[in-house]
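I opened this notebook to record what I looked up in one structure.

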Amino acid sequence: MLARAGRRAGPGLGLLQRSQQLKRSPWLAPAPCRLNSGLPVNIGVLFVPQQEAWVVERMGKFHRILEPGLNFLIPLLDRIRYVQSLKEIVINVPEQSAVTLDNVTLQIDGVLYLRVMDPYKASYGVEDPEYAVTQLAQTTMRSELGKLSLDRVFRERESLNANIVDAINQASDCWGIRCLRYEIKDIHVPPRVKESMQMQVEAERRKRATVLESEGTRESAINVAEGRKQAQILASEAEKAEQINKAAGEANAMLVKARAKAEAIQLLAAALAQQHGSAAASLSVAEQYVSAFSKLAKDSNTLLLPANTGDVTNMVAQALGIYTTLTKPQAVKPQDDMPPACEDPQPPPAEVLKAGEASSS
């Protein structure tokens, strides 16, 4: 019976027989086989595998489609005419030539993914579904490539695949077949065009390198200028702070010196107010007056000496007279009533003269 089923292979094989032929027995599990096989023989009880659809004709007319599992048919009247696989089928699209919009000839091939959605249309809508879909994919590919230039072909492969799938689905809807996706496997470019593209890529990379180098030089110059600017600003701020600190220090020093001098004057005034304070002040002025003449020759080559340098007593008397004049309380008089500057000071007391002679000796 199995041998007779192999000899009764009908002319109308389904899409499953075109891609992967199977030998079947009504009682045994199907064994995969390619190229040459027959349809299942109707013996009344049939087991349909999962994801397959068996198209049954009764006396040459479509009767029904067997579902997976156990099915019963009438022998001699019912015949299994087509076996369709409901799985996703992969078909290689042969390599073909196509001309782009800028007249470049390409060799391109692809892979087509199909699925039978309606076994009835797939069986009776077209004679050879695989061949029909393959030819439709090739023609659609040539048509879509003619709308694009060579550069856009490589950039828009996804949109190109989507356009081919849409075109195939519009035509294969009446065949009960749906194209799930189409992928371009390889694109072969002529050798001369490939060399030109390689030269273009090298030139573009050299251009990018030159632009990047110039941008780096510009950024470096900007950074150096910014650094110098910040350095000058910081130096000026540091100099300003230094001058402010120096001025503040000098002001504080002057205040401290003024306070110290005021305190010294107050202490000196308190000392002069005590008993014999005037005599002690006269003695101090006389000593300073005599010491000033001893330093003239050390500090400068120019000497200013009084007329009577040998008379120490007279010099001390003059110094004490100046001090007495400055310390003598006087009322504020108009400028015309002031005594002339050439008047001689009052002579010092005899005790101060004796003390001065003793100190000079």
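**Entry 1: basis**

I noted that this is a predicted model, in which local features need pLDDT of at least 70, side-chain atom pairs count only at pLDDT 80 or more, and totals for chains, interfaces and linings use all residues. Residues are numbered from 1 along each chain as its sequence is written, and side-chain values use heavy atoms, with hydrogens and water left out.

I first looked up the strands, which like the helices are DSSP runs numbered from the N terminus (strands: E, at least two residues; helices: H or I, at least four). I found an open sheet of 3 strands in the order β5-β4-β7, with antiparallel pairing. Its edge strands are β5 and β7 (78-85), each of which pairs on one side only. Neighbouring strands of this sheet are turned by 25° against each other on average, direction ignored; the axes behind such angles are lines fitted to C-alpha atoms, for helices over the stretch in contact, and angles run from 0 to 180 degrees between N-to-C directions. Two strands count as paired if DSSP finds at least two bridges between them. The antiparallel strands β4 and β5 are joined by 5 bridges, and Val56 has Arg64 in β5 as its bridge partner.

**Entry 2: β3 and β6**

I then turned to β3 and β6, which run antiparallel and are joined by 4 bridges. Val48 stands opposite Gly69 in β6.

**Entry 3: a nonpolar patch**

I recorded a nonpolar surface patch formed by Phe47, Leu70 and Phe72, with about 320 Å² of accessible area together. Such patches take residues with over 30% relative accessible area and no salt bridge, joining nonpolar side chains (Val, Leu, Ile, Met, Phe, Trp, Tyr) within 5 Å and like charges within 9 Å. The areas come from the Shrake-Rupley method with a 1.4 Å probe, and for residues only the protein chains shown count as cover. Phe72 belongs to strand β6 (residues 69-72) and is exposed at a relative accessible area of 53%.

**Entry 4: positive phi**

Most residues other than glycine have a negative phi. Met59, not a glycine, has a positive phi of about 55°; I located Met59 in the loop between β4 (52-58) and β5 (61-66), where it is exposed at 66% relative accessibility. Asn103, also not a glycine, has a positive phi of about 60°. Asn103 lies in the loop between β8 (88-99) and β9 (105-116) and is exposed, with a relative accessible area of 66%.

**Entry 5: aromatic rings**

How many aromatic pairs are there? I counted 4 by the rule that rings of Phe, Tyr and Trp (its six-membered ring) pair if their centres lie within 6.5 Å, with planes under 30 degrees apart stacked, over 60 edge-to-face and the rest tilted. Phe62 and Tyr124 are edge-to-face, because their ring centres are 6.0 Å apart and their planes stand at 80°. Phe62 lies in β5 and Tyr124 in helix α3 (residues 119-124), so this pair ties together parts 62 residues apart in sequence. Tyr120 and Tyr124 form a tilted pair, with centres 5.1 Å apart and planes at 45°. These two tyrosines are 4 residues apart in α3, which means about one helical turn. Ring pairs link Phe62, Tyr82, Tyr120 and Tyr124 into a cluster.

**Entry 6: salt bridges**

I found 7 salt bridges, each a side-chain nitrogen of Lys or Arg within 4 Å of a carboxyl oxygen of Asp or Glu. One of them joins Glu88 and Arg115 (3.9 Å, N to O). Glu88 is in β8 and Arg115 in β9, so the pair ties together parts 27 residues apart in sequence. Glu144 bridges to Lys147, with the closest N and O atoms 3.8 Å apart, and Glu144 is buried at 13%. For Glu156 and Arg152 the closest N and O atoms are 3.2 Å apart. Salt bridges that share partners join Glu88, Arg115 and Arg181 into one network.

Terms used: Buried < 20%, exposed > 50% of the residue type's maximum accessible area, 1.4 Å probe, protein only.
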